[in-house]
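Please consult the sequence and the coordinates while reading.

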Amino acid sequence: MAKKKSGAVPPKIPPGASAPPADLANLVSMMIWPKGQVIHRIHQNIYGSSQFNPGTKGNARFSPIKASDGSSIPTLYGGTTFDCAAMETVFHDVPIAAGLKTFDKQKLADQVYSQVTSRRALKLVDLSATALKKLGIQRNQLIDTEKDEYPSTRKWAEAIHAACPHAEGLCWVSRQDDRALAIVIFGDRISAADLSPTGVPQDLLTVTPVYADLVILADRIGVNLVDGK
């Protein structure tokens with residue numbers, strides 16, 4: 001009899017292996033983003049604090065996406081903290097490597113930081129690890145995937161949008177900053193009027209307190225901000 005190998009590593013589940021189930025509407029778990037809760041955002045300066053991306057281009061985990069009638073769904077991304085917003089955007093592609101890494105400050109050009117609060121409670125689909133069990137999918141198939149799997153993860157967002165007309169967005173534990181929640185909300189179900197901006201968007205490079213917070217975060221992840229000119 002062949003000896004059983006010790007310490008064998010179980011096979012990894014391939015990312016994107018599971019397609020949305022047919023009875024998706026009965027399997028989703030909902031959560032509430034409370035009225036008045038701040039949404040921290042980092043976004044291009046061509047958009048206002050509470051302005052949705054029209055959803056016609058880009059390559060994010062859950063956008064751009066289309067409704068069942070083929071129309072583009074506007075989206076707005078954010079998180080529960082400044083660090084989460086930065087990690088999910090400008091620092092998203094910082095490599096996982098020990099030691100000091102450099103980051104060209106010019107990549108921050110035309111990027112701004114905004115805070116908005118919800119004027120009402122928002123109904124979001126819960127994509128936490130516990131809720132994903134009911135959906136029959138794991139984090140490494142939906143939340144922890146790399147960019148090459150984004151076409152598959154966007155199919156999940158489209159399927160949820162189509163199956164759950166009451167769902168106004170998605171919420172999950174951020175992959176880039178697991179101390180915080182990340183959200184994306186659907187602009188065909190939530191309007192800019194449902195969101196209240198806190199002040200004006202603040203430029204990442206020229207507003208001193210914002211840039212200082214970025215420097216502190218950069219130091220935590222082992223990044224040196226350099227002028228690449």
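By class, Ala, Val, Leu, Ile, Met, Phe, Trp, Tyr, Cys and Pro count as nonpolar, Asp, Glu, Lys and Arg as charged, and the others, Gly among them, as polar. The model discussed here is predicted.

Q: How many nonpolar, polar and charged residues does the lining of the second largest pocket have?
A: The second largest pocket holds about 300 Å³ of space. Its lining includes Met87, Phe91 and Pro95, together with Asp93, Lys147 and Gln176. By class, this lining has 6 nonpolar, 2 polar and 4 charged residues.

Q: Which elements give two or more residues to the lining of the largest pocket?
A: About 1200 Å³ of space lies in the largest pocket. Of its 45 lining residues, the closest to the centre are Ile42, Ala60, Tyr77, Glu88 and Thr89. The elements that give two or more residues are strand 2 (38-44), strand 5, strand 6 (101-104) and strand 10.

Q: Which residue stands opposite Cys171 in strand 10?
A: Strand 10 pairs with strand 9 (residues 169-173) in the antiparallel sense, over 5 bridges. Within strand 10, the residue opposite Cys171 is Ile183.

Q: Why is strand 10 largely enclosed by the rest of the structure?
A: Strand 10 spans residues 181-186. Buried means under 20% relative accessible area. Strand 10 is largely enclosed because its buried residues number 5 of the 6.

Definitions and conventions: Residues numbered from 1 in each chain as written. Predicted model: local features only at pLDDT ≥ 70, side-chain atom pairs only at ≥ 80, totals over all residues. Heavy atoms only, no water. Buried < 20%, exposed > 50% of the residue type's maximum accessible area, 1.4 Å probe, protein only. Helix = DSSP H or I, 4+ residues; strand = E, 2+ residues; numbered from the N terminus. Pairing = 2+ DSSP bridges. 1 Å grid on protein atoms, 1.4 Å probe; cavity = no way out; pocket = protein on both sides within 12 Å on 5 of 7 lines; lining within 4 Å. Points joined across faces, edges and corners; volume = space filled by probe spheres on them.
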